[in-house]
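Let's take a walk through this model together, one neighbourhood at a time.

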Amino acid sequence: MTADRELPTLFQYGEEWTSRWLSASAHLDEEFARATAVELTEDRIKALGPSLGVDLVAVARHTRLAVRRTNLRDGLLAVLFAAGAGCLALMVHGVQAGRPEVLGRSLLGLVGAFAASWGLVLVAEHRARVLALKVIAQGGPPPEELAPPLDPGLEERLREQERANVAPYHEDAERTNPFVGSGERFQEQVWHPIDISTPADAPDGGGKLSIIPFDVLDLHAFVEREMGNIAGLEGLRAAHRLYVRGPMTLHAGKDLLPDRLRPPRAVIPEDMVQAGLARPGLGMRTYLCLERVGDSGRVIVCMHLRARLQHPSLTWEVAGYVVPPLRDTFMRVRTLRLDPFGHWWTLFTSTTGAFLPLLCKVPARLLRRLRDNFLRRWDLWYARWVIGKRHVEYDYGATGSIRAEAAVELEHIEFSDSTDALDFLQRLERGVLTATGQFLEAHHVDTRSFEQAQQAITHNNYNFHGSINGPGIYGDRGTLHLPGGGAPPGRLLGG
């Protein structure tokens, strides 16, 4: 046991690793900051997808702060652009009128506009880099403390989203990934049926025990409760979540959609969640969601379980997904120079190369933002008008999540993250089987059928083939194929 050993502490982040990098990226990537601010803070009608392992309040605060800073920068640049354009017009007038004093003053004003623009861009970029470095500083305060708070109602909605027990998903996702926000498909199976009609033998050899009646709710509750106590599953997050196909959101009732012109709620009464398990509706099913987070939150393995209990047999519907680490574009902060000379030198050179395009293109940039804002508001108004006036069915479902969309593609996942994902998947699979066996034994069910099914279920082998350098592809029977293993590209189904 390493608990009794005195060992040095290696460099590591906590589970807020992802939130820190996303918050830092908001200050360095304007496109990401604006898109994320729209997703998290603006008025909407569609549901938000679950962003596993992400502090949405922290990310929203930093994206809003970054957007406000760039808006202020561009507003001042627009003023300087207008001043420079005026000086340029005066220069032309001075040349044509033969008035050298006008030419001299206008030239001085044009140079001043350029210098002020350069200084403005320098200050804005310096502020962005300083904040980004503060956010990722090891041992620093939580990222949400480094940005001003948002509207209390908005922050409460985002915190509610983090504990969501319902997830409306877009209808198109039904064919690809209805578990929006869970990453890429890793495994999909329906396990072998288990006979639950035969009672177990009495311990004293005196005949058969009486089977204790149970239903699917009892089984799910037992597995949810016991999974965390099974060896090797420390830190497991287990909770039930109702997945609703987007157009069916309206038919789920007021608890999910109290206002047809507003987005669905993220937290609903627990009896609705249980109803989706015991009596699933059209496009409404409840799953037990098991989430295992890797070191520093880099990789997350999600297993979605649903028991199919139809006497005399029991089967498990199992869907395994993995959320890979963030793309390298979100790691740009690692390339920033920390020494004073390097910081100011790179800041000087980048500002010199960027300020003129930023200044000259600011009118087009502002017009494009006005157009995009108008189109978003128009689309939102039109959707609400259609819902309110025509009373048609509307797809409220989410299409993805910030965390999943920021992740690298699964075939580009790194070696250590691949092994973590495979290890988590095996432990979750065996944990579910162990809990199922314990449940059947506790209810006096003969487990011989279960043991036979278990042998078939655990027949999958997870082996490495070929070189360990480069991307991995998951192939048949859960085998991880790395380059040289001959796996068909793009095949991600295990089992």
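Which backbone oxygen does the side chain of Arg 44 reach at 3.4 Å? In this predicted model, that oxygen belongs to Ala 47. A polar atom of the Arg 44 side chain also lies 2.8 Å from the backbone oxygen of Lys 46. You will find Arg 44 in the loop between α2 (30-41) and α3 (56-97). Its relative accessibility is 13%, so Arg 44 counts as buried. Leaving aside residues up to four places away in sequence, Arg 44 touches Val 38, Glu 39, Arg 157, Pro 263, Leu 380 and Arg 384.

Let's move on to helix α5, residues 152-162. The buried residues of α5 are Leu 154, Glu 155, Leu 158, Glu 160 and Gln 161.

Next comes strand β1, residues 166-169. Side chains in a regular strand alternate between the two faces of the sheet. Here Val 166 and Pro 168 point one way, Ala 167 and Tyr 169 point the other way, and all are buried. β1 pairs with strand β4 (residues 237-245) in the parallel sense over four bridges, and Ala 167 has Tyr 243 as its bridge partner in β4.

Finally, look at helices α11 (residues 415-442) and α12 (residues 448-457), which pack at an angle of about 175° with their axes 11 Å apart. The two are therefore roughly antiparallel to each other. Glu 429, Leu 433, Thr 436, Gly 437 and Leu 440 of α11 make the contact with Phe 450, Gln 454 and Ile 457 of α12. By class, this contact has four nonpolar, three polar and one charged residues.

Technical notes: Residues numbered from 1 in each chain as written. Predicted model: local features only at pLDDT ≥ 70, side-chain atom pairs only at ≥ 80, totals over all residues. Heavy atoms only, no water. Axes fitted to C-alpha atoms, helices over the stretch in contact; angles between N-to-C directions. Parallel < 35°, antiparallel > 145°, perpendicular 65-115°, else oblique. Contact = heavy atoms within 4.5 Å. Nonpolar A, V, L, I, M, F, W, Y, C, P; charged D, E, K, R; others polar. Buried < 20%, exposed > 50% of the residue type's maximum accessible area, 1.4 Å probe, protein only. Pairing = 2+ DSSP bridges. Polar contact = N/O pair within 3.5 Å; in protein donor to acceptor, adjacent residues only side chain to side chain.
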